[in-house]
Amino acid sequence: MQAKSTLQTEAYNYIKNLILSNKFDVDTLYSETKLSKEIGISRTPMREALQCLSQDGYITIYPSKGFMIRQLNQKDMRETIEIRCALEGFCTHVIASEINTQKAQRTINEMSKILELQKDTLEKNNDIDQFIDYDHQFHILLVNYINNEEANHIFQRLMYLIKLTSTSALEVEGRISGTLSEHTQYLDCLKKGDGNTAYKILVNHLMMPLDIVKTNK
């Protein structure tokens, strides 16, 4: 039983990493059997891994045919953003209410460092993928603050759709500089313990893609 679980995890991580590194084409139907042979495992742990990837929002399974990489649509984007607003908004108010504690100050300092790394990335090599990675780290620090395993799990399940949304939004002219500005304003308010203003900036920041990103559906 343990070996089966290990193989399933191996297949899950292998495919997930390929998806996140853009190794799959979005318009291609991929074979479960072919991938099983490629990794060198049986179809049962592969099928279980694909079911988990489907539940976590990375792929769409077509029974008896295969699977395709999930594409961003308006409904998925809106629902993901609404969940983030609720979760990250709550975390914002918690941090603001505890701003004078060592724990809050440590998180603020870590978020400040990430913000500086975002700025340096653009100034030195204009690496958008790295910029997006730092963007995710900025928001993950916020969610991790409340030490809630279920909240962390929810956020991790949304990561692929978050990545698709971020990538699409940052392709729009002005959104990179806008993101930096909004992160800076948000952090400045948080440092002052002004949770209400920080919350408003955060929600506007997260909701922005709904107005500027065009999806297929």
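**Salt bridges and a helix pair**

Hi everyone! A search of the whole structure finds 9 salt bridges, a salt bridge being a side-chain nitrogen of Lys or Arg within 4 Å of a carboxyl oxygen of Asp or Glu. Please keep in mind that this is a predicted model, where local features need pLDDT of at least 70, side-chain atom pairs count only at pLDDT 80 or more, and totals for chains, interfaces and linings use all residues. Residues are numbered from 1 along each chain as its sequence is written, and side-chain values use heavy atoms, leaving out hydrogens and water.

Let's start with R43 and E32. Their closest N and O atoms are 3.3 Å apart in a salt bridge. R43 sits in helix α3 (residues 43-55) and E32 in helix α2 (residues 32-39), so the pair ties together parts 11 residues apart in sequence. Helices here are DSSP runs (H or I, at least four residues), numbered from the N terminus. E32 is buried, at 15% relative accessible area, while R43 is partly exposed at 43%; buried means under 20%, exposed over 50%, and partly exposed in between, with a 1.4 Å probe and protein chains only. A network of salt bridges links E32, R43 and R47.

Next, R70 and D76: their salt bridge spans 2.9 Å, N to O. Which is R70, buried or exposed? R70 is buried, and so is D76.

Finally, E116 and K119 form a salt bridge, with the closest N and O atoms 3.7 Å apart. Both lie in helix α5 (residues 102-124), 3 residues apart, about one turn of the helix. E116 is partly exposed at 40% relative accessibility, and K119 is partly exposed too, at 26%.

Note on methods. Helix = DSSP H or I, 4+ residues; strand = E, 2+ residues; numbered from the N terminus.
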